[in-house]
Amino acid sequence: HSPPFVGDVVQQMAADGIREGLGLVMAPHFARMSIGGYMDRARKALPDDGSLKLDFIESWHTHPTFIELLVERVQEARDRLTEEERARDLVVFSAHSLPARIADEGDPYPKQLQETADAVALALGLEHYTVAWQSAGRTDEPWLGPSLDEVIGTAAAEGHAAVVSCPCGFVADHLEILYDIDIEAQRAAAEAGIRLVRAESMNDDPAFITALANVVRDYLKGAA
């Protein structure tokens, strides 16, 4: 059973007599092509009489409780390394790649990924970290890079002993995690002769649900 489309949900909300709604997309970083598209579809489904009003949280990529959870997961992943590996590791923060033209269009998506990485690195005192892009679509136009696989190869060539993957643009285990990282990126690491460990996804962790609730509460306080 497939979940309903956002437009269907908005129409059902109006039919149920709901007068106000707040949208929160399960992706921390805003991109006009993805989250912006969801917001547009939701707005187009609103009743013409103005009986239902919708507001949206565009991004929550540096919310303190989200950053705290990422810090814990990156630390746990680094703890799985040997002391020698940890001394020469590279932490890579990644999100889903999008067509590279969005950077020329001034989309905030790349900047927001860097801001997430910077916040976690500051909290952990990381000396060696970077951002990468993964799961690019198979189209003729260029997509944001470097790819996670490319960064893994470069890290090995530069003498890093391990790569810690933090796919902070995703919140749950799915194709882009279980295959693109746990299979494809692991294969790239093995070929490059470097160890790869991944920070665990948020999934249904109660602490993550609490973080989302905090995002909503803080937004409503600011909007009041």
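1. Which element gives the largest share of the lining of the second largest pocket? In this predicted model, that element is α8, with five residues. Helix α8 spans residues 175–192, and β4 (129–134) and α7 (148–157) also supply at least two residues each.

2. The second largest pocket has a volume of about 380 Å³. Its lining consists of 19 residues, and those nearest the centre are Gln134, Ser135, Ala136, Asp180 and Glu184. By class, this lining has seven nonpolar, six polar and six charged residues.

3. The largest pocket holds about 640 Å³ of space. Two or more lining residues come from each of α1 (6–15), β1 (20–24), α2 (35–44) and β2 (53–57). There are 29 residues in the lining, with Val25, Met26, Ala27, Ile35 and Tyr38 nearest the centre of the pocket.

4. How many residues of each class line the largest pocket? The lining divides into 20 nonpolar, eight polar and one charged. For the second largest pocket, the count of charged residues is six.

5. Strand β3 covers residues 89–96, and seven of its eight residues are buried, so the strand is largely enclosed by the rest of the structure. Burial here is taken as under 20% relative accessible area.

6. Which strands pair with β3, and in what sense? One partner is β5 (residues 162–166), in the parallel sense over five bridges. Within that pairing, Val91 stands opposite Val164 of β5. Another partner is β4, which runs parallel to β3 and is joined to it by six bridges. Here Phe93 has Val131 of β4 as its bridge partner. Strand β4 also contributes at least two residues to the lining of the second largest pocket.

7. How many cavities of 30 Å³ or more does a search of the whole structure find? The search finds one. The volume of the largest cavity is about 80 Å³.

8. Helix α3 (residues 64–79) gives the most to the lining of this largest cavity, with three residues. Among the lining residues are Phe66, Leu70 and Arg73, together with Cys166, Pro167, Cys168 and Phe170. The lining also includes Ala199, Glu200, Ser201 and Met202. By class, the cavity lining has eight nonpolar residues, one polar and two charged.

Methods. Residues numbered from 1 in each chain as written. Predicted model: local features only at pLDDT ≥ 70, side-chain atom pairs only at ≥ 80, totals over all residues. Heavy atoms only, no water. 1 Å grid on protein atoms, 1.4 Å probe; cavity = no way out; pocket = protein on both sides within 12 Å on 5 of 7 lines; lining within 4 Å. Points joined across faces, edges and corners; volume = space filled by probe spheres on them. Helix = DSSP H or I, 4+ residues; strand = E, 2+ residues; numbered from the N terminus. Nonpolar A, V, L, I, M, F, W, Y, C, P; charged D, E, K, R; others polar. Buried < 20%, exposed > 50% of the residue type's maximum accessible area, 1.4 Å probe, protein only. Pairing = 2+ DSSP bridges.
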